[in-house]
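This briefing sets out selected features of the structure shown below. The points are grouped by topic.

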Amino acid sequence: MPSPSHSRLTIGPSGGVYLFVLAASMVAAHYTQANLMFLVVGMLLGALLISLLWVWLTMRGIELERQPIDHGVTGDELVMRYLLTNQAKLPAFSLVLTETWSRRRDAETTDPLRELPPRLLERPSGWVMHLGPGQSVQAQTACWPMRRGDLTLSHVALHSDFPFGLVRRVIRFDQPGSVLVLPRLYRVTRGVMTKITRLDAGGYHQLDKEGGSEEFFALRDYRMGDSLKVIDWKHSAKIGKLVSRELTQPVPPSLVIYLDLSEYAPARAGEAPPTLDAQAMRRVDRAVDLSASLVCDAYQAGYRVGLIVNGADVPPMRAHHSLPHRGRLLEALARLTPGSAPALQRYTGEAPSVIIRPGRTRTQAVRSGRRAVVLSGEDLESLCIASDSRNLLAARTSPTARRLATPTLQSNAGKTHAPQPAPQPAQP
Amino acid sequence: MKSIQHHYRQLAFVQVLLGLLAFCIAEGRPALMGIVGALAVVSWFVTEGPNQRGLERGLLNLGAMGAVLLVTAETLLSRAAQPVVLVGHFMMALQIVLLFAKKTRREEIQLALLSPLQVISASVLGGGVSLVFGLMLLVYCFVTLFAALAFQLKSAGELVYRQHRKAAGGSHTPKRPEQITGPRVRLHFRASALFIGLGCLLIAATAFLTIPRTPQDPFAASLLGVSTATAPQTAGFNDRITLRGGSIGGGSPAPVMNLRLTEGGYDIGSKDKSWLVRGAVQDTYNPQTRTWSRPPLSGAQDLTLKMPNSGLRLAPGDTGSREAQITLRRRSVHHLFTVVSIGGPIAPVYLSTPGLQRVNFSTKDQQIDSNDSLASVLRYNVRWRFERYTDLRTAYHDQLDGLDLHQRYGGMNDWPRGRRFRQETWDDPDPTLHWPVEPERVRAYAERLLRARGLPPAYEDATPQERMEAAEALAEHLRRAYRYTVDNPRANEQDPVIDFLFQTRAGHCELFASGLAALCRSVGIPARLATGYRASEFNSFGGYYVVRQSHAHAWTEVDLGPGGGWHAFDATPPAQVDQLHHANTGLLGEARALYDHLEFNWIATVITYDRSNQQELLGSFGAFLDRGPDQWFADAAGWLSGKAKTVALDTLGRALGIVILLVLLLAVISLARLLLVRHRRMVALQLTALPRGQRRSLARQLRFYIRMLETLERHGRTRQHWQSPFQFARQLADEQPLRYEPVLPLTEMFYEVRFGYRDLDEDRLSRVRLHLRRLEQNLASASRL
């Protein structure tokens with residue numbers, strides 16, 4: 001269990017006022033020689049000394065360890081948990097935990113409150129009312145990250161000014177670490193999902209390969225271990241040997257997101273990227289938010305999801321449906337830095353279903369012959385609804401998503417809306 | 001532990017209530033105490049009851065304006081009211097209004113600030129003299145400490161919550177931070193608070209005892225003197241006697257002073273001996289107003305003497321060997337009391353007190369007073385001569401006149417009103433020889449009495465011995481032939497003294513003293529009246545006299561002439577006075593004596609602690625350290641063996657009686673608490689509308705549900721007043737099924753007993769215990785990790 005690396009005693013504004021009152025009382029007692037004033041001075045002095053002694057004694061045996069944390073989501077409460085142990089003989093009260101960062105410029109980790117724009121509006125803080133001698137409790141701090149990316153952590157400060165709030169003892173624990181803050185997640189509106197679904201051929205067909213459990217695919221020779229159910233007895237009788245039926249495997253819809261950040265990328269490798277102002281950064285973030293929301297929503301709906309980013313150092317990711325894959329996509333989006341790679345001159349990969357651009361300008365066709373929905377990060381509010389990111393990030397697909405994945409609903413979905421004329425895919 | 005918010009509200013309420021009661025005690029107004037206490041209790045039920053009503057901010061402001069109007073009206077109607085009383089009443093009104101308010105952090109802070117100010121004003125008012133007040137102050141300090149600590153814990157949580165709101169950026173409303181506690185938080189909190197409180201008290205006591213005391217700054221003394229001089233306290237004693245009609249009553253039993261008498265270092269007080277405690281002298285009788293008073297000329301002749309650290313010698317060269325240690329608990333006007341033996345001379349010769357800078361002393365009538373009013377309590381020592389005859393001219397005048405008094409009294413700068421002491425002071429026309437009302441009739445009466453005793457009728461040129469015999473004969477006649485009563489004579493045309501002497505032959509001490517003075521004066525013996533107290537109640541616990549307001553007394557002082565001096569004669573029948581002043585006997589009397597003794601010690605050691613006490617204490621502590629550990633043990637053993645010898649059976653009996661009294665008191669308190677808890681349980685279970693028998697039975701059986709709610713409340717889960725028990729249980733079970741699972745069966749059991757009329761039999765009881773234990777374990781483990 002880590003011990004504190006730094007400790008100090010401070011007297012805050014209330015302590016300063018208290019000292020002033022104490023000095024005034026002493027002067028009054030000296031001049032009046034009134035017993036009541038001497039008693040008041042004694043009480044004030046006693047409170048100060050006991051306060052000093054108590055914080056010094058109780059904070060000596062406190063140990064703290066931050067629990068590993070996976071990720072947070074922009075705009076959502078990020079809860080960090082700590083294990084606190086009191087090895088002292090006295091109980092500690094009113095312990096306040098705060099994540100702190102070094103104020104020095106040459107520090108390895110920057111203060112997220114000093115970044116522009118700030119990654120956090122306030123330091124993560126938490127409160128433990130009581131920690132008895134020899135006891136351990138799990139405490140937590142909460143913060144609301146304002147931006148995606150890595151939130152680097154440096155120290156945890158623990159302070160207590162119990163009793164009376166006069167003297168505060170702060171002990172600091174070096175606890176370096178980082179938390180990946182995912183982009184802000186929304187639930188994509190049903191219309192958008194329907195539109196995207198209808199553009200993709202997947203979901204209407206069975207995959208032309210064996211191994212499924214849906215429709216008839218082909219016949220083959222019986223292999224040891226085949227179930228009796230799959231033997232086609234009629235054909236077996238005709239040809240005189242056992243023949244097994246093979247069934248098709250359904251093809252889930254796929255969603256390939258093309259995030260076009262080319263306008264913020266250098267034209268050629270080696271060139272310096274254009275400097276992004278706050279407005280541009282906000283547009284990029286909204287586009288990233290929309291992409292991440294689509295990834296999560298599509299994953300929950302059972303889609304295969306792929307990602308292509310133009311203008312950032314993110315390798316193309318083929319459409320696939322799995323939890324680790326979704327994690328990789330979100331991680332890539334969270335760490336995406338616009339302009340970290342030159343804009344693509346030619347794209348020949350998987351055809352995108354959705355093209356997302358930060359600005360409102362209409363996109364070009366990505367690939368002739370296939371249509372794609374073009375979405376703008378600026379239309380985030382109209383495309384998405386606020387959602388609880390915990391549901392979107394759930395590991396298991398929701399019952400609704402499972403139902404959506406069934407053929408019945410897929411076929412029904414196809415009847416609801418005619419595909420909208422979409423802009424032609426851009427020619428990379 | 002209950003939610004810290006609720007805990008704090010309880011403590012703050014008790015704190016405010018104690019502060020209000022302390023002020024009422026200091027002011028000595030039990031009716032006000034009753035009203036304030038009742039209002040405070042009602043406010044608790046209004047604001048903390050099931051409906052949790054309270055005044056909104058607008059009504060609160062109106063209430064504050066009402067408090068201002070109330071105090072303004074009091075100021076206008078009662079111009080004599082002290083500023084501290086007015087301020088105290090204003091704060092009291094404000095606090096009562098705030099108690100009825102819906103309390104936000106703002107109101108809580110206002111109450112937390114007003115309450116200590118109220119207690120300080122009560123202390124300034126003089127409440128600190130009483131032991132009850134001192135104990136209440138101690139309890140108040142501890143309650144305030146607990147409340148302050150609870151407030152700090154609560155505030156820390158609110159501070160973090162405010163940070164969370166700021167961190168959320170307004171887009172979210174974060175949850176309030178959970179009250180994370182380890183096991184046994186209640187025990188740890190109480191023990192810690194107690195430790196902190198005792199630590200503070202220890203340091204405070206050490207600081208109080210050891211911070212060096214210095215003589216008081218003259219500027220502060222003058223400020224304080226002005227502030228209290230305008231507000232003398234009632235003490236039953238008057239420096240002016242008006243013989244009005246009607247009953248004077250028995251007076252208040254409130255103690256005025258404690259008096260310890262020593263001679264050569266040995267106590268000379270006893271139950272069988274009474275003393276006169278002399279305060280003021282009246283030598284002029286005005287028949288029109290029927291008033292005895294001290295003429296202004298006498299006051300103008302007072303000497304203003306500076307009080308040296310070593311004490312003031314009023315008669316240089318004579319220190320006297322009888323000494324009175326007087327602890328004046330209620331300073332009335334500005335008189336310093338001296339002690340006189342009945343029939344003895346009046347000659348204070350030495351005065352010592354570190355609490356006063358200057359005193360005024362009259363060499364003519366030996367009256368001492370001071371304009372320094374530093375506090376309501378003053379302790380001083382006075383010595384006096386007790387020879388049969390004392391020539392005052394020798395004692396005071398001859399030694400003062402013609403000498404360099406500035407040099408003699410070391411820095412005495414200001415002589416009486418800026419003038420030098422004059423020989424003519426003694427040669428002024430003597431008012432003590434003149435009796436203005438029907439002098440011939442009184443003279444004839446006095447002569448008849450003296451002749452009946454075989455004494456001469458005129459005493460203008462008599463010896464001290466002759467004057468003393470005559471005065472004693474007249475006093476004896478009054479004591480024997482007149483009846484003592486506290487009822488004044490009829491208010492008629494007749495002068496009350498003449499009426500007393502010739503008609504009613506009954507009256508109180510003032511009439512006896514006036515009658516004796518009239519008789520003495522009529523035969524040529526100078527006489528005057530003195531007022532003060534008759535000290536006859538001896539406290540055997542402490543070995544001193546307790547003087548109460550009801551012991552106020554008047555007697556006559558007679559001048560025995562050159563070489564004789566003024567002597568005190570008490571013409572009041574002593575048996576009847578002593579019967580009136582008689583203290584309670586039996587267990588109650590012993591308890592009262594013990595309480596008086598404790599209060600006296602409180603005053604002697606704490607209230608009147610001064611520089612001399614400090615030097616004495618530090619000196620004895622130093623001597624104690626010097627003796628070393630071996631001697632410490634020897635001293636302790638000696639003290640114990642001495643105590644074992646001195647403890648007598650009657651002391652054991654007293655102790656036993658007091659223990660029984662305390663046990664009875666505890667039993668009454670426990671019973672009251674039991675009834676209160678049961679009532680609260682019934683209210684909490686909403687059983688008050690049921691028939692008496694049913695609600696008692698249900699309240700007893702449904703205790704487990706209250707316990708469950710308290711357990712949940714300790715972990716921050718409180719049932720809202722709009723929630724039914726089932727809704728509450730459902731909510732908990734939905735949120736944390738594993739943790740709150742036992743709540744559901746307990747709630748079902750509650751419904752079975754409350755509405756299904758099932759008894760809580762053994763089976764159900766065992767299940768209840770099991771579920772409660774599981775719930776507590778679940779919550780404890782959840783808190784732990």
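Is R548(B) buried or exposed? At 3% relative accessibility, R548(B) counts as buried, where buried means under 20% relative accessible area, exposed over 50% and partly exposed in between, with a 1.4 Å probe and protein chains only. This is a predicted model, in which local features need pLDDT of at least 70 and side-chain atom pairs count only at pLDDT 80 or more, while totals for chains, interfaces and linings use all residues; side-chain values use heavy atoms, with hydrogens and water left out. Residues are numbered from 1 along each chain as its sequence is written, and chains are lettered from A and ligands numbered from 1 in the order in which they are written.

**Salt bridges**

- Side chains of opposite charge can pair when their charged atoms come close.
- Over all chains, the structure holds 39 salt bridges, a salt bridge being a side-chain nitrogen of Lys or Arg within 4 Å of a carboxyl oxygen of Asp or Glu.
- One of these pairs is E537(B) with R548(B), whose closest N and O atoms are 2.9 Å apart.
- The pair links distant parts of the chain, 11 residues apart: E537(B) is in the loop between β18 (527–535) and β19 (538–539) of chain B, and R548(B) is in strand β20 (residues 544–548) of chain B. Helices (H or I, at least four residues) and strands (E, at least two) are DSSP runs, numbered from the N terminus.
- E537(B) counts as buried at 11% relative accessibility, and R548(B) counts as buried at 3%.
- A salt bridge also forms between R717(B) and E735(B), with the closest N and O atoms 2.8 Å apart.
- R717(B) lies in the loop between α21 (703–714) and α22 (725–735) of chain B, and E735(B) lies in helix α22 of chain B, so the pair ties together parts that are 18 residues apart in sequence.
- In this pair R717(B) counts as buried, at 17% relative accessibility, whereas E735(B) is partly exposed, with a relative accessible area of 40%.
- Salt bridges that share partners join R105(B), E108(B), K154(B) and E158(B) into one network.
- K102(B) forms a salt bridge with E56(B), and the closest N and O atoms are 2.8 Å apart.
- K102(B) is in the loop between α4 (83–99) and α5 (105–124) of chain B, and E56(B) is in the loop between α2 (30–48) and α3 (57–77) of chain B, so this pair ties together parts that are 46 residues apart in sequence.
- K102(B) is partly exposed, with a relative accessible area of 41%, and E56(B) is partly exposed, with a relative accessible area of 44%.

**Cavities**

- Rolling a probe the size of a water molecule over the atoms shows where empty space is left.
- The count comes to six cavities of 30 Å³ or more. A cavity is a set of points, on a 1 Å grid over the protein atoms alone, where a 1.4 Å probe fits but cannot get out; lining residues have an atom within 4 Å of a point.
- About 130 Å³ of space lies in the largest cavity, a volume being the space filled by probe spheres set on the points, with grid points joined across faces, edges and corners.
- Its lining holds 15 residues, of which R9(B), A12(B), F13(B), K103(B) and L111(B) lie nearest the centre of the largest cavity.
- At least two lining residues of the largest cavity come from each of α1 (4–27), α2 and α5 of chain B, and the largest share, six residues, comes from α1(B).
- The lining of the largest cavity divides into eight nonpolar, three polar and four charged residues; Ala, Val, Leu, Ile, Met, Phe, Trp, Tyr, Cys and Pro count as nonpolar, Asp, Glu, Lys and Arg as charged, and the others, Gly among them, as polar.

**Backbone geometry in chain A**

- F162(A) and P163(A) are joined by a cis peptide bond, with omega about 0°.
- P163(A) lies in the loop between β8 (149–160) and β9 (167–182) of chain A.
- F164(A) lies in the loop between β8 and β9 of chain A; phi of F164(A) is near 75°, a positive value in a residue other than glycine.
- F164(A) is partly exposed, with a relative accessible area of 25%.
- S94(A), in strand β5 (residues 92–100) of chain A, has phi near 50°, a positive value in a residue other than glycine.
- S94(A) is buried, with a relative accessible area of 2%.

**A sheet in chain B**

- Three strands of chain B form an open sheet in the order β1-β6-β5, with antiparallel pairing; two strands pair if DSSP finds at least two bridges between them.
- The edge strands, β1 (241–242) and β5 (284–286) of chain B, each pair on one side only.
- β5(B) and strand β6 (residues 291–293) of chain B run antiparallel and are joined by three bridges.
- T284(B) stands opposite S293(B) in β6(B).

Terms used:
1 Å grid on protein atoms, 1.4 Å probe; cavity = no way out; pocket = protein on both sides within 12 Å on 5 of 7 lines; lining within 4 Å.
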